[in-house]
Amino acid sequence: MQPKPYSSPYVMGVLLGLILLASFFITGQGLGASGAFQRAIVAVEKSISPEHVNQNSYLAHYGGGKENPLANYLIFQIIGVFVGGLISGVMSGRFRVEINHGPQITDRQRWLFAIIGGAFFGFGSKLARGCTSGVALTGGASLSLGSWATMMAIFAGAYATAYFVRRLWI
Amino acid sequence: MTEIAITTGKHAHEAGASIGIWGWEIPVYLFLGGVTAGIMVVAAIAILQGRDKKWPAAANKLILWAPVLISAGMAALFLDLSHKLYVWNFYLTFQITSPMSWGAWILVLVYPLTFLLILATFKKGYPDWYAKGESWIKASPLGPYIKWLYKAIQLAEKYKKIIAGATLSVGVLLGIYTGILLSSFGARPFWNSAILGPLFLISGASTGTALVVLMARDHGERSFFTRADLGLIATELFILALFLIGLASSSQQHIEAAKLVLGGTLTPAFWIAIVFIGLMLPAFFEILELKGREIPKYVPPVLVLTGGLFLRIVFVYAGQVSAWAAY
């Protein structure tokens with residue numbers, strides 16, 4: 001089966017905004033990604049050392065004591081993202097194992113840089129109290145000043161560093 | 001006023017801490033036991049129907065995985081035992097009213113029956129492995145005794161259908177037992193439903209069928225077992241509905257147990273992991289596949305297998321949370 005062409009990013013952008021609206025309407029909360037991973041990490045830490053999670057107020061906030069770190073809307077939203085991606089990939093004939101990278105690097109290098117970049121972004125998102133979904137999209141939609149500042153900073157950071165890592169993609 | 005004092009073991013110090021007494025081991029064991037039951041049932045039916053040409057994976061390849069998976073499951077079960085050195089005591093007695101005793105003996109029957117079926121089908125199912133194994137044995141010190149192996153294979157092939165009949169019965173017993181093991185424990189209202197036996201049997205058969213779909217290369221075989229799996233998923237959904245109706249129309253404790261998955265803490269796990277990801281999503285993909293759409297062949301069966309594991313995890317956990325007395 002030939003993969004179906006990708007949908008128009010403009011139409012999908014509008015749809016994403018409507019999904020955000022629906023999320024506010026149905027659950028009373030916006031969208032988020034890094035929060036779910038944060039909670040998954042706290043759950044792993046808690047299974048290894050509950051005392052550590054309880055004693056660290058930052059971690060305890062996400063699931064100290066009897067609270068289950070995974071009992072949160074964001075976790076289910078991320079499961080939905082994976083399942084939705086699966087359905088979309090299967091329906092459009094695009095479901096396969098693949099590693100996308102530029103012509104000049106290997107699969108291994110792509111993994112390495114993805115992990116380094118992901119770690120930077122994860123760290124940054126914790127400093128900014130959220131990532132592109134939680135802060136830029138959700139906070140931006142409610143016209144929060146901090147969210148707009150974060151969004152500008154994300155774009156500025158990307159433009160500022162893209163030149164130096166261009167060999168990874170071209 | 002009449003005052004009734006009730007004293008239970010739950011009043012003991014830290015009784016609550018021991019409620020999660022079964023961790024990952026029992027759900028994994030029940031899942032692998034269920035898959036093995038499914039394999040035995042599906043392979044036996046394929047052999048009894050003489051479909052080894054039409055359904056080569058089901059009739060010749062599938063059964064090899066029964067002893068492998070049941071051994072992995074029993075290893076998980078063994079890890080859960082508190083007194084590991086006394087495990088052999090199971091085999092000094094047979095207690096007709098104890099599902100654990102039934103289970104212990106059923107598990108013993110699984111091995112000889114599946115080994116005999118493997119003897120009868122291995123050459124056809126895995127010709128390359130057979131040739132390699134044969135030349136390896138011939139070159140080893142066991143070489144002169146290979147004629148005994150040929151003799152055993154010949155006998156197993158001759159009585160293949162009789163062995164398959166016995167395998168079918170034991171497979172059904174194994175599948176039902178994995179559910180009855182939980183349902184016979186009356187102290188946990190969530191488990192206290194006789195329909196758990198058929199539910200776990202059907203789920204096991206569905207996962208066994210999913211394995212055939214994973215293994216099958218022949219398009220006709222895959223589409224037949226995809227259709228069969230769709231029927232099993234529909235049956236499983238129907239039994240799950242009956243299970244919930246049964247609980248919700250019983251005593252107050254059973255109603256409270258049903259509430260765990262009808263608005264309570266386990267509602268998302270039950271509806272998202274079991275019903276949506278494990279049953280409805282693979283059914284949706286299977287329907288599309290049967291309608292001629294190209295679906296990656298391993299997606300629906302992997303979802304079915306994942307759903308089977310989730311079913312055991314949620315049921316084992318929910319049972320341990322549910323109780324007759326609030327505390």
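Where in chain A is A:Tyr6 found? A:Tyr6 sits in the segment before helix 1 (9-27) of chain A. The model is predicted. The predictor gives the complex an ipTM of 0.79 and a pTM of 0.87. Chain B has an average pLDDT of 90, and 94% of the residues score at least 70.

- A:Tyr6 has 9 C-beta neighbours inside 10 Å, so A:Tyr6 counts as exposed.
- A:Tyr6 and A:Ser92 are 86 residues apart along the chain. Their C-alpha atoms are separated by 8.9 Å.

- Most residues other than glycine have a negative phi.
- A:Arg129 is not a glycine, yet A:Arg129 has a positive phi of about 65°.
- A:Arg129 belongs to the loop between helix 6 (107-127) and helix 7 (132-141) of chain A.
- A:Arg129 counts as partly exposed because 14 C-beta neighbours lie inside 10 Å.
- A:Leu143 is not a glycine either, and A:Leu143 has a positive phi of about 55°.
- The loop that holds A:Leu143 runs between helix 7 and helix 8 (145-162) of chain A.
- A:Leu143 is exposed because 8 other C-beta atoms lie within 10 Å, and the cut-off for exposed is 12 or fewer.

**Where the chains meet**

- Seven residues of chain A contact nine residues of chain B.
- On the chain A side of this contact, six residues are nonpolar and one is polar.

**Nonpolar cores**

- In soluble globular proteins, nonpolar side chains tend to be buried together.
- The largest nonpolar core holds 90 residues. The residues with the most contacts inside it are B:Ala43, B:Ala58, B:Leu62, B:Val212 and B:Val314.
- Helix 1 (residues 25-48) of chain B gives the most to this core, with 16 residues.
- A second, separate core has six residues. Among them are A:Leu31, A:Cys131, A:Ala136 and A:Leu137.
- What does B:Ala58 contact, leaving aside its neighbours within four places in sequence? The partners of B:Ala58 are B:Val42, B:Ala43, B:Ala46, B:Val212, B:Glu221 and B:Phe225.

**A helix pair in chain B**

- Two packed helices are described by the angle between their axes and the distance between the axes.
- The axes of helix 9 (residues 219-248) and helix 11 (residues 267-290) of chain B come within 10 Å. They cross at roughly 145°.
- The crossing of helix 9 and helix 11 of chain B is left-handed.
- Helix 9 of chain B brings B:Ser223, B:Thr226, B:Arg227, B:Asp229, B:Leu230, B:Ile233, B:Glu236 and B:Leu237 to the contact.
- Helix 11 of chain B brings B:Leu279, B:Pro282, B:Ala283, B:Glu286, B:Ile287, B:Glu289 and B:Leu290.
- By class, the residues of this contact are eight nonpolar, two polar and five charged.

**A buried leucine in chain B**

- Which helix holds B:Leu309? B:Leu309 is in helix 12 (residues 299-321) of chain B.
- Why does B:Leu309 count as buried? B:Leu309 has 21 other C-beta atoms within 10 Å, and the cut-off for buried is 20 or more.
- B:Leu309 and B:Phe185 are 124 residues apart in sequence. Their C-alpha atoms are 21 Å apart in space.

How values were computed:
Residues numbered from 1 in each chain as written. Chains lettered and ligands numbered in written order. Predicted model: local features only at pLDDT ≥ 70, side-chain atom pairs only at ≥ 80, totals over all residues. Contact = placed C-beta atoms within 7 Å. Nonpolar A, V, L, I, M, F, W, Y, C, P; charged D, E, K, R; others polar. Core = buried A, V, L, I, M, F, W, Y, C linked by C-beta atoms within 7 Å. Helix = DSSP H or I, 4+ residues; strand = E, 2+ residues; numbered from the N terminus. Axes fitted to C-alpha atoms, helices over the stretch in contact; angles between N-to-C directions. Left-handed = near helix turned anticlockwise from the far one by under 90°. pLDDT = per-residue confidence, 0-100.
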